[in-house]
Amino acid sequence: MRRLACRLLDAGPILVLAAIAGAGSFTHIRDTATEHGQSGWMAWAVAVCVDLTCVMAARERQRDKKTGRVRDGRISWPTLVLVAGIVLSLAANLNQADPSPWGWITAATPDGAFLVAVSMLERRASAPRPEPSPSLSSVPEVAAEPVPALVLAEQDGPSSELLDYARRVAEEYQTAQGKPISRDTLRARLGVSHQLASDLLRTLRTASDAL
């Protein structure tokens, strides 16, 4: 409950600003459309199309960033649509302004505030979220088996029993996770030292390369 209240307090001002500024921009676009022959519901439709196009283009830009669809240095189609929507919206706002510097500034304020609010929401939605670090508890457990004797490294390397057991653990992990097992994971599964886990993993990789 407290977390929900914090989110509302955090995002509330931006949403209120977007609603008020959007209403002001909408009114200017509708009045401009009415003055140029788009009467009745068509004037409302034009205003809705322009404002929602800006919102839709901003959301599409966010999706492109997440998926890596747009390469660096290239202007994407959503960016072009967003720029066109901004130009149309600003033009409609300035058309309704008193022909003076302050008249243009005040008329453009709702549209500018609406675009700022949309950009803030886009920025928050596209912020990187920390991914939970993988833990041993999230890794599927292999069948419990007694660790072979002679776990400690001998002078001439790990025992053959331990090496066979480590190979089975590594293969089961590869099948379940789709990637090779790491030294730390192997060490945790076998309950051996870092050095012995490194020796086992090196031996397994050498044998795999030889095949």
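Predicted model: local features only at pLDDT ≥ 70, side-chain atom pairs only at ≥ 80, totals over all residues.
Overall, the protein has 7 helices and 0 strands, and from the N terminus on its elements run α-α-α-α-α-α-α. Of the 211 residues in the protein, buried ones make up 30%.

**Helix α6**
- Helix α6 covers residues 183–190, and its buried residues are Thr185, Leu186, Arg189 and Leu190.

**A nonpolar patch on the surface**
- Ile75, Trp77 and Leu80 form a nonpolar patch on the surface.
- Together, the three have about 400 Å² of accessible area.
- To find isoleucine 75, look in the loop between α2 (41–67) and α3 (77–95).
- Is isoleucine 75 buried or exposed? Its relative accessibility is 63%, so isoleucine 75 counts as exposed, given that the cut-off for exposed is over 50%.

**Rings and charges**
- Check out arginine 30: its charged end sits over the ring of tryptophan 44.
- The distance from that charged end to the centre of the tryptophan 44 ring is 5.1 Å.
- When two aromatic rings pair up, the pair is described by the distance of the centres and the angle of the planes.
- In this protein, the count comes to 1 aromatic pair.

Conventions
Residues numbered from 1 in each chain as written. Heavy atoms only, no water. Patch = residues over 30% accessible without salt bridge, like charges linked within 9 Å, V, L, I, M, F, W, Y side chains within 5 Å. Areas by Shrake-Rupley, 256 points an atom, 1.4 Å probe, with all protein chains shown as cover. Salt bridge = Lys/Arg side-chain N within 4 Å of Asp/Glu carboxyl O. Helix = DSSP H or I, 4+ residues; strand = E, 2+ residues; numbered from the N terminus. Buried < 20%, exposed > 50% of the residue type's maximum accessible area, 1.4 Å probe, protein only. Phe/Tyr/Trp six-rings, centres within 6.5 Å; stacked < 30°, edge-to-face > 60°. Lys NZ or Arg CZ within 6 Å of the ring centre and 35° of its normal.
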